[in-house]
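Dear colleague,

I am handing over the structure below, and I would be grateful if you could look through it before reading my notes. What follows it is a description of what was found.

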Amino acid sequence: MRPHALPRQLRIRRRAEYTACYERGRRFHTEHFLVFVLSGAQPEASARTGMAVSRKVGKAVTRNRVKRLLREFFRLHREELPVGVHIVAVAKKHAGQVALDLTGVTAELLPPLRRLARRAPGRPAPEGQP
């Protein structure tokens, strides 16, 4: 495995897993993304992540850029994600029309996921926080 890759076992890959997140997961709205979080999907396992970027977002180049940004965000912040959850990020229609960058995606997605991680039982609080 490449040292900086997002391993296959940490990605959501099956349609049934996506559907379960959509139907039973909590929703978090941000400016450019809709995030579904399904708790208790795999207790004691690392968070598994997935993304959905439809053709409404833009042409292939735009969609692929949004997907690369999301993958990089999840790869860089996987230690901060709650344990035992499935997370699916869905790009909103206007996400491809703005100049998104990794800093913007991080500023948008990290706060709600950190709040969720703080509430998750069995996970130690990050240093400096109760």
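**What was found**

The buried residues of helix H1 pack against strands S2, S3 and S4. Helices (H or I, at least four residues) and strands (E, at least two) are DSSP runs, numbered from the N terminus; buried means under 20% relative accessible area, exposed over 50%, and partly exposed in between, with a 1.4 Å probe and protein chains only; and contact, which is also what packing rests on, means heavy atoms within 4.5 Å.

Please keep in mind that this is a predicted model, in which local features need pLDDT of at least 70 and side-chain atom pairs count only at pLDDT 80 or more, while totals for chains, interfaces and linings use all residues. Residues are numbered from 1 along each chain as its sequence is written, and side-chain values use heavy atoms, with hydrogens and water left out.

**Overall picture**

The protein has 3 helices and 4 strands, which run α-β-β-β-α-β-α from the N terminus on. Of its 130 residues, 42% are buried, and the protein exposes about 8200 Å², of which carbon and sulfur atoms supply 50%; these areas come from the Shrake-Rupley method with a 1.4 Å probe, and for residues only the protein chains shown count as cover. Among contacts between residues at least 6 apart in sequence, 81% join residues at least 24 apart.

In H1, the residues Glu17, Tyr18, Ala20 and Cys21 are buried. They lie on the same side of H1, because they cover an arc of only 160° around the axis, the arc being that of the directions from the helix axis to the C-beta atoms. On the other side of H1, Arg15, Ala16 and Glu23 are exposed.

Helix H2 covers residues 60-76, and its 17 residues reach 24 Å from the first C-alpha to the last, close to the 24 Å expected at 1.5 Å a residue, where the expected span is 1.5 Å times one less than the number of residues. Buried in H2 are Arg63, Val66, Leu69, Leu70, Phe73 and Phe74. Since they cover an arc of only 130° around the axis, they are on the same side of H2. An α-helix has 3.6 residues a turn, so residues three or four places apart point the same way. The buried residues of H2 pack against strand S2 (33-39), strand S3 (48-52), strand S4 (85-91) and helix H3 (102-119).

Arg65, which also belongs to H2, is partly exposed, with a relative accessible area of 39%. Leaving aside its neighbours within four places in sequence, Arg65 is in contact with Leu100 and Asp101; Leu100 is 35 residues from Arg65 in sequence, and their C-alpha atoms are 8.9 Å apart.

**Strand S4 and the cores**

Strand S4 is largely enclosed by the rest of the structure, because 7 of its 7 residues are buried. Val85, Ile87, Ala89 and Ala91 point one way from S4, whereas His86, Val88 and Val90 point the other way. S4 pairs with S2 in the antiparallel sense over 7 bridges and with S3 in the parallel sense over 5 bridges, two strands being paired if DSSP finds at least two bridges between them. As examples, Ser39 has Val85 of S4 as its bridge partner, and Gly50 has Val88 of S4.

A nonpolar core is a set of buried Ala, Val, Leu, Ile, Met, Phe, Trp, Tyr and Cys residues joined through side-chain atoms within 4.5 Å. The largest has 27 residues, of which Phe33, Leu70 and Ile87 touch the most other members. S2, H2, S4 and H3 each supply at least two residues of this core. A second, separate core of 9 residues includes Ala20, Cys21, Leu38 and Val88.

Leu10 is in the segment before helix H1 (15-24), and it counts as buried at 14% relative accessibility. Its contacts beyond four places in sequence are with Ser46, Ala47, Arg48, Thr49 and Arg78; the C-alpha atoms of Leu10 and Ala47, 37 residues apart along the chain, are separated by 6.6 Å.

His77 is found in the loop between H2 and S4, and at 13% relative accessibility His77 also counts as buried. Leaving aside its neighbours within four places in sequence, His77 is in contact with Thr106 and Leu110.

With best regards
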